[in-house]
Amino acid sequence: MTPTHLPGRTAIPALPEQTRIPSSATALDDFNSASADEARRLLLACLHSPPWARRLTDHRPYPDAGSLLAAADEAAYDLAPDDLAAALAAETPAALPDDTYSAAHTALSAAYAAYQARFGHTFVICLAGLGPDETLDHVLEGIRSRLANDPEEERTVAADELRRLAGQRLAQSLGNTGR
């Protein structure tokens, strides 16, 4: 940047050339522009329901993460009973922190087995916002209280937990952990 000199005038430095730095693509931009197969793969990792993943993929692009998460929530509410059963069957039990003592693992395994025998699917629970020291108690309390549900009531509770889990996983995949 060199000053411009004109007779009888004060030297004024030339302005630097303006450059625009393109904003980096966000995870939502990547999702919106991904192939349908790639988008469905990401979604199926959040909730194993092909109709849910197809619906969300077909409605792209989403203007913001909140819109995608709201659409995911609505699509999860609309799952047909067979689709819900398939999604529940694909779930794995919540993992305990590595430093959990062995008696807790034994108690949790027994509780999971009792739940699965009663309802025919894996116990699902969203653990968003819980610290590692709260996980075990929350899971065991959840299983104990939900074992008292009748099958139809538990199907509703499990569907709600599965919907929350899908939203949490999707938010995490978008880099938005504030959900």
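Student: Where is the place of H121?

Tutor: First, the conventions. This is a predicted model, in which local features need pLDDT of at least 70 and side-chain atom pairs count only at pLDDT 80 or more, while totals for chains, interfaces and linings use all residues. Residues are numbered from 1 along each chain as its sequence is written, and side-chain values use heavy atoms, with hydrogens and water left out. Helices are DSSP runs of H or I, at least four residues, numbered from the N terminus. H121 lies in the loop between α6 (102–119) and α7 (132–146).

Student: Is H121 buried or exposed?

Tutor: Buried means under 20% relative accessible area, exposed over 50%, and partly exposed in between (1.4 Å probe, protein chains only). H121 is buried because its relative accessible area is 7%.

Student: With which residues is H121 in contact, leaving aside neighbours within four places in sequence?

Tutor: Contact means heavy atoms within 4.5 Å. On that basis H121 touches L88, Y115, Q116 and A158.

Student: How do α2 and α3 pack?

Tutor: Axes are lines fitted to C-alpha atoms, for helices over the stretch in contact, and angles run from 0 to 180 degrees between N-to-C directions. For α2 (36–46) and α3 (50–58), the angle is about 130 degrees and the axes are 9 Å apart. Angles under 35 degrees count as roughly parallel, over 145 as roughly antiparallel, 65 to 115 as roughly perpendicular and the rest as oblique; α2 is therefore oblique to α3. Among the residues that meet are L43 and C46 in α2, and W52 and L56 in α3.

Technical notes: Helix = DSSP H or I, 4+ residues; strand = E, 2+ residues; numbered from the N terminus.
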